[in-house]
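The following paragraphs lead the reader through one protein model, from its overall layout to selected local features. Please keep the sequence and the structure in view while reading.

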Amino acid sequence: MENGLISDAVIAQDINQASSFWRIREGVPEALMRAGAVYKYDLSLPLERMYDLVEQMRMRLGDSAKVVGYGHMGDGNLHLNISASQYDDAILAKIEPFVYEWTSMHRGSISAEHGLGLMKANEIHYSKSTEAVQLMVSIKKLLDINGILNPYKVLPHNIDYNA
């Protein structure tokens, strides 16, 4: 806070406060899901840009959705949750690919602690170069010749393991 990077913060003074913080943090996604549809993003960003995306998305979406961001300052991990009364293609179109492009432009990663998974494997190019993805594919083919280990969860779905 002294250097202006953080404007407000709370630091647990004991294990009871730390446990209370975790209960609040773990309750956010549950509360959002009770309110309707939730679009979730697990990003890593430079600390000085960490909350900027939350503000950008609030401006971009206006009253059509609620935007909540929280994360870990220690590793630059932002959990971006966007909540609406129901899933809506118009809202999704305002979110994606904007979230991925913004993250890439600010030298972040579209995959932080939870990995790419099935939903975002095809978006890996926002965080990794074509050469890096090709190298990853080569290593995967070498170690997993039948393509049976975690299929579709890290690399793009269109990979031909027989090629």
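Read along the sequence, the protein chain follows the pattern α-β-α-β-β-α-α-α-α. In total, the secondary structure comes to 6 helices and 3 strands, where helices (H or I, at least four residues) and strands (E, at least two) are DSSP runs numbered from the N terminus. The model is a predicted one, in which local features need pLDDT of at least 70 and side-chain atom pairs count only at pLDDT 80 or more, while totals for chains, interfaces and linings use all residues. Residues are numbered from 1 along each chain as its sequence is written, and side-chain values use heavy atoms, with hydrogens and water left out.

Along its principal axes, the C-alpha trace of the protein chain spans about 55 × 40 × 30 Å. Of the 163 residues of the chain, 33% count as buried; buried means under 20% relative accessible area, exposed over 50%, and partly exposed in between, with a 1.4 Å probe and protein chains only. Among the contacts in the chain with a separation of 6 or more, 61% are accounted for by residues 24 or more positions apart, a contact being heavy atoms within 4.5 Å.

The aromatic rings come next. A search of the whole structure finds 3 aromatic pairs. Rings of Phe, Tyr and Trp (its six-membered ring) pair if their centres lie within 6.5 Å; planes under 30 degrees apart count as stacked, over 60 as edge-to-face and the rest as tilted. The rings of Y41 and Y100 have centres 6.0 Å apart and planes at 70°, so this pair is edge-to-face. It links distant parts of the chain, since Y41 lies in strand β1 (residues 37-44) and Y100 in helix α4 (residues 98-105), 59 residues apart. Y41 counts as buried at 4% relative accessibility, and Y100 is buried with a relative accessible area of 2%. Ring pairs link Y41, Y100 and Y126 into a cluster.

The loop between α4 and α5 (117-120) is the place of H106. This residue is buried, with a relative accessible area of 15%. Leaving aside neighbours within four places in sequence, H106 is in contact with P46 and R49. The side chains of H106 and R49 make a polar contact (3.0 Å); such a contact is a pair of N or O atoms within 3.5 Å, and within protein one must be able to donate a hydrogen and the other to accept it, with residues adjacent in sequence counting only if both atoms are side-chain atoms. H106 and M50 are 56 residues apart in sequence, and their C-alpha atoms are 9.7 Å apart in space.

Which residues does M136 contact, leaving aside its neighbours within four places in sequence? They are I124, V154 and L155. M136 itself lies in helix α6 (residues 130-143) and is partly exposed, with a relative accessible area of 26%. From C-alpha to C-alpha, M136 and L155 are 7.8 Å apart in space, although 19 residues separate them in sequence.
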